[in-house]
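These are my notes from a first look through one protein chain, kept in the order in which I looked things up. I begin with the chain as a whole and then go to single places in it.

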Amino acid sequence: MKIVKLPVNLLFALIFGLSFLFSCTENEETIIQETEETEDTPVSLNNEVNEFVWAGLNEVYLWQQDVPDLADDKFTTYDEYYTFLNGYNTPESLFDDMLYQIDVVDRFSYIVDDYVALENSFQGTSNSNGLDFQLVRLSGSDDVFGYIRYVANNSDAASKDINRGEFFLTVDGVQITVNNYIDLLFGSNNTYTLGMADITNNTIASNGKTVELTKTEFTENPILINKVIESSGIKIGYLMYNSFVANFDNDLNNAIADLKSQNINELVLDLRYNPGGSVRSAINLSSMITGQFNGGIFSTEKWNDKYQAYFESNNPEYLINRFTDKLADDTAINSLNLNKVYILTTDGSASASELVINCLRPYINVVQIGTATTGKYTASVTLYDSPNYGRDNANPNHTYAMQPLVLKSANKNGVSDYYQGLTPDYLITYQTSSGATAEGEDLLNMGTLGDENEVFLAKAISLITGSSSKLMNQKSTPSIDIKRIADAKDFTPLGKGMYKNLEFPVK
């Protein structure tokens, strides 16, 4: 019997900064044994993508050491290895089966069959009509309706008669249900017509209005609103920021400069619909809000056992993200030097949004208003089917890529693992017609984003000024009882993601 080696691409391939590739090869290889001359026909691999999936997860997956089927010594022969991989009909089924307590512990790793669409999403580009909405259903019914949360600037929807707070019941005349909403709203039909509706006396019904929308390749500017509100003699900056997209860091820096030029006293940062994005953008925004902590520890990272041991021994600084005074292109950051910030959140605030809140808290007073966030303290890396898992020299036979969780973040004080989300200091609630107290936005009292009487913003202003708005003192009509189904951002390639780098994204 002879000993042969099966390479499993144990390469540390990560981007170090924004300009060069950091990689090193660990002197680890899986040793397998193979009989010399046998009459048995060797097992052939049915799907090369399956090998990419297993090898990539074995290499860098955060919980690699906790998944027996990903163990470095799992296989002793090629036949065992290929037989195992051939047991899965699709790369997706293999990927899901290798995840650690899928949908319980690991809720965010995913695989895609089109990495070009994934890359576009990191730049803020997707196939979209610019309408951001949430889908809900009435208690005890399979019928679903949607309500508009916002309309992206300069989008197709922005040119149509459709606004925040409106409802829709049908798509192309078909009632939306829990069984068909994916096909109707997120399928291959780029153009569809929404049938709008009204809610009266706890009943939703068509109002006869229709709106035709068309999806195109659209790049959404994540800065939806940037303005100054003056109340009780206090200048309050209001910034609604809907995704951490590194391509817009200069725009974000300019938006902060605009607020600074108007001598704001306080800042309200609205992240209620922000699912995450670039870690670097999160650091930049936090540095813009502050400025007095340049070089201080923003966050620390914990990788799987193999990577953690390597970094701690060879480059411990890699595990630390620090506040900065410059953007990636060396543009000076405009800083507000605040010691307090008010941040609006919902369960749609995830990843990089949570990173900003958690990592600012050891330094300044972060006043969180709204509802608890998603609870995503982990980040992932894009893996391509190439020798070092980078984009260069990717296998031309397919466009699969993986986005497995590879690290978890903690703030300066070691706070991490906020699985249930970050709890607000001030919870926003409303009463339903059944007498229950519900959390979040009241569908019958959505208000106008950026208006000082909109409920979330009004609460922040009342805390800043010490006085309540007229709207907050009014008793609203009891709202309907609903159950959340999904929202538009759930169906973007990025989803509730967080990435560290443009060229080799970690999210």
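This is a predicted model: local features need pLDDT of at least 70, side-chain atom pairs count only at pLDDT 80 or more; totals for chains, interfaces and linings use all residues.

**Entry on the whole chain.** I looked up the secondary structure and found 11 helices and 30 strands in the chain. Of its 507 residues, 54% count as buried. I also checked the contacts with a separation of 6 or more, and residues 24 or more positions apart account for 73% of them.

**Entry on an open sheet.** I then followed a sheet of six strands, which is open, has mixed pairing and runs in the order S14-S15-S16-S20-S21-S26. Its edges are strand S14 (223-231) and strand S26 (426-427), each of which pairs on one side only. S14 runs antiparallel to strand S15 (residues 234-241), and eight bridges join the two; when I looked for the bridge partner of Lys227, I found Tyr238 in S15.

Which helices lie across strands of this sheet? Helix H7 (residues 279-289) lies across S15, strand S16 (266-270) and strand S20 (340-345), and runs at about 160° to S16. Helix H9 (residues 352-360) lies across S20 and strand S21 (365-370), running at about 150° to S20.

**Entry on strand S25.** I next turned to strand S25 (residues 405-410), which is mostly covered, with five of its six residues buried. Strand S18 (residues 297-302) pairs with S25 in the antiparallel sense over three bridges, and here I found Lys302 opposite Lys408 of S25. Strand S22 (residues 378-380) also pairs with S25 over three bridges in the antiparallel sense, with Ala379 standing opposite Leu407 of S25.

**Entry on aromatic rings.** I counted pairs of rings whose centres lie within 6.5 Å, and the count comes to 28 aromatic pairs. Why is the pair of Trp54 and Tyr81 edge-to-face? The ring centres of Trp54 and Tyr81 are 5.3 Å apart and the planes stand at 70°, so the pair is edge-to-face, given that planes over 60 degrees apart count as such. Trp54 belongs to helix H1 (residues 48-60) and Tyr81 to helix H2 (residues 78-86), so that the pair links distant parts of the chain, 27 residues apart. Trp54 counts as buried at 1% relative accessibility, and Tyr81 counts as buried at 1% as well. I also noted one aromatic cluster formed by Trp54, Phe75, Tyr78, Tyr81, Tyr82, Phe84 and Tyr88.

**Entry on charges over rings.** I found the charged end of Arg107 over the ring of Tyr419, at 4.4 Å from its centre. The charged end of Lys376 sits over the ring of Phe108, 5.4 Å from the centre of that ring.

**Entry on Val136.** Last, I looked up Val136, which has its place in strand S7 (residues 131-138). Is Val136 buried or exposed? Val136 has a relative accessible area of 1% and is therefore buried, the limit being under 20%. Leaving aside residues up to four places away in sequence, I listed what Val136 touches: Asp143, Val144, Phe145, Tyr147, Leu443, Ile482, Lys483, Arg484 and Ile485. Between the C-alpha atoms of Val136 and Gly146, which are 10 residues apart along the chain, I noted a separation of 6.2 Å.

Key. Residues are numbered from 1 along each chain as its sequence is written. Side-chain values use heavy atoms; hydrogens and water are left out. Two strands pair if DSSP finds at least two bridges between them. Helices (H or I, at least four residues) and strands (E, at least two) are DSSP runs, numbered from the N terminus. Contact means heavy atoms within 4.5 Å. Axes are lines fitted to C-alpha atoms, for helices over the stretch in contact, and angles run from 0 to 180 degrees between N-to-C directions. Rings of Phe, Tyr and Trp (its six-membered ring) pair if their centres lie within 6.5 Å; planes under 30 degrees apart count as stacked, over 60 as edge-to-face and the rest as tilted. Buried means under 20% relative accessible area, exposed over 50%, partly exposed in between (1.4 Å probe, protein chains only). A charge sits over a ring if NZ of Lys or CZ of Arg is within 6 Å of the ring centre and within 35 degrees of the ring normal.
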